[in-house]
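Please look over the chain below before reading on. The briefing takes its helices, cores, pockets and loops in turn.

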Amino acid sequence: MSGDALLAALDLPSSSRVEQRVPKKLLLEHGAPTAADKRLINDGIEELQWVAALKPTTIGVPGYRDEVREYLEIAVLRLRLRAAAKASRLVELVHRAVPYPLLLMTEHGGRPGLSAAHKRWSQGEAGKTVLEGEVVVAEWSAEHDAEHWSAFREAVALGKQPRTSLHALYQGWIDTLHALQAACVTGTFVVAANAAKASARREGLQAFARLDAEIVRLRAAAAKETQMARRVDLNLELKRVEAAKAAARADL
């Protein structure tokens, strides 16, 4: 599945299209807090394109305001990375640099992906926005996700998202990305039916990731352990965590 196919699946109206190149200079000024980040941007980004601006006037969905955030626009950007780029850090930097909630399509090593992250007002700097929570990333794998393409393509389309507000619409995209993440674990792509189930899935994915990381740690520790009693303890703990991971998979 190509980046063009993923972009087409979003089914963005022509009224929202911008199609402008974003100079690296803007990222360097607004999204690179350290010298190392500046090098990552210069060395890793091939091209960043502003694809569309989703506003009440371009897609007919009302904006959203409360005491925490203001969503007057959702930006859709396309990021092409060089082969040696540190994709995860660059994705985070782009999300931090753009003042609007951002749907970011990334192409790296022939694999397209989508990411999203809610934003809120900064408590320390008036008028500034910061990320709220983690960046939700779903990378497309031809090996594991081809069977889900038809269902995902339908679910990710703009017209399939909630239209009560731009915040609800954006949350709909995040829920769809979580559905693809869960499908990588369960083998079945299903978008959560309501907000409660979406929240439970998000927590389940976080728990699954923590358990997966713990399994890697325990296996490495057991392989290095020279004392037999300690190795037995580690293997028992490993079996316990593997059982918890299987339960977490079932809950997803």
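A residue counts as buried when its relative accessible area is under 20%, as exposed when that area is over 50%, and as partly exposed in between. With a relative accessible area of 1%, valine 241 is therefore buried. The model is predicted.

- Valine 241 belongs to helix α10.
- Helix α10 covers residues 228-251, 24 residues in total. At 1.5 Å a residue these should span 34 Å, and the end C-alpha atoms are 35 Å apart, so the two values agree.
- Which residues of α10 are buried? They are Leu234, Leu238, Val241, Lys245 and Ala248.
- An α-helix has 3.6 residues a turn, so residues three or four places apart point the same way.
- The buried residues of α10 pack against α9, which runs over 195-224.
- Valine 241 contacts Leu211, Glu214, Ile215 and Leu218, leaving aside neighbours within four places in sequence.
- Isoleucine 215 is 26 residues from valine 241 along the chain, yet their C-alpha atoms are separated by 6.6 Å.

**Nonpolar cores**

- In soluble globular proteins, nonpolar side chains tend to be buried together.
- The largest nonpolar core holds 35 residues. Leu10, Leu12, Leu54, Val76, Leu114, Phe152 and Trp173 touch the most other members.
- Elements that each supply at least two residues of this core are α1 (3-10), β2, β5, β6 (102-108), β7 (111-116), β10, α7 (149-156) and α8.
- Which element gives the most to this core? Helix α8 does, with nine residues.
- Phenylalanine 152 touches Leu6, Leu114, Trp140, Thr176, Leu180 and Phe189, not counting residues up to four places away in sequence.
- A second, separate core has 24 residues. Among them are Leu40, Ile45, Leu104 and Val135.

**Largest pocket**

- The largest pocket contains about 640 Å³ of space.
- It is lined by 26 residues, and the closest to its centre are His30, Arg96, Ala97, Val98 and Pro99.
- Two or more lining residues come from each of β1 (17-21), α2 (24-30), β2 (45-54), β5 (74-81), α5 (87-97) and β9 (129-131).
- Helix α2 provides the largest share of this lining, four residues.
- By class, the lining of the largest pocket has 14 nonpolar, five polar and seven charged residues.

**Second largest pocket**

- How much space lies in the second largest pocket? The volume is about 400 Å³.
- Its lining has 18 residues, and Glu134, Val137, Gln181, Leu205 and Ala209 lie nearest the centre.
- At least two lining residues come from each of β10 (136-139), α8 (166-186) and α9.
- Helix α9 gives the most to this lining, with six residues. The buried residues of α10 also pack against α9.

**The loop between β8 and β9**

- Serine 122 is in the loop between β8 (119-121) and β9. Glutamine 123 lies in the loop between β8 and β9 too.
- Is serine 122 buried or exposed? Its relative accessibility is 19%, so serine 122 counts as buried.
- Glutamine 123 is exposed because its relative accessible area is 77%.
- Serine 122 touches Lys128, Thr129 and Val130, not counting residues up to four places away in sequence.
- Glutamine 123 and valine 68 are 55 residues apart along the chain, and their C-alpha atoms are separated by 9.4 Å.

**Positive phi outside glycine**

- Aspartate 11 is not a glycine, yet has a positive phi of about 55°.
- Aspartate 11 sits in the loop between α1 and β1. At 53% relative accessibility, aspartate 11 counts as exposed.
- Glutamate 19 is also a residue other than glycine with a positive phi, near 55°.
- Glutamate 19 is in strand β1. Its relative accessible area is 38%, so glutamate 19 is partly exposed.

Methods. Residues are numbered from 1 along each chain as its sequence is written. This is a predicted model: local features need pLDDT of at least 70, side-chain atom pairs count only at pLDDT 80 or more; totals for chains, interfaces and linings use all residues. Side-chain values use heavy atoms; hydrogens and water are left out. The expected span of a helix is 1.5 Å times one less than its number of residues. Buried means under 20% relative accessible area, exposed over 50%, partly exposed in between (1.4 Å probe, protein chains only). Contact means heavy atoms within 4.5 Å. On a 1 Å grid over the protein atoms alone, a cavity is a set of points where a 1.4 Å probe fits but cannot get out, and a pocket is an open set with protein on both sides within 12 Å along at least five of seven lines; lining residues have an atom within 4 Å of a point. Grid points are joined across faces, edges and corners, and a volume is the space filled by probe spheres set on the points. Ala, Val, Leu, Ile, Met, Phe, Trp, Tyr, Cys and Pro count as nonpolar, Asp, Glu, Lys and Arg as charged, and the others, Gly among them, as polar. A nonpolar core is a set of buried Ala, Val, Leu, Ile, Met, Phe, Trp, Tyr and Cys residues joined through side-chain atoms within 4.5 Å.
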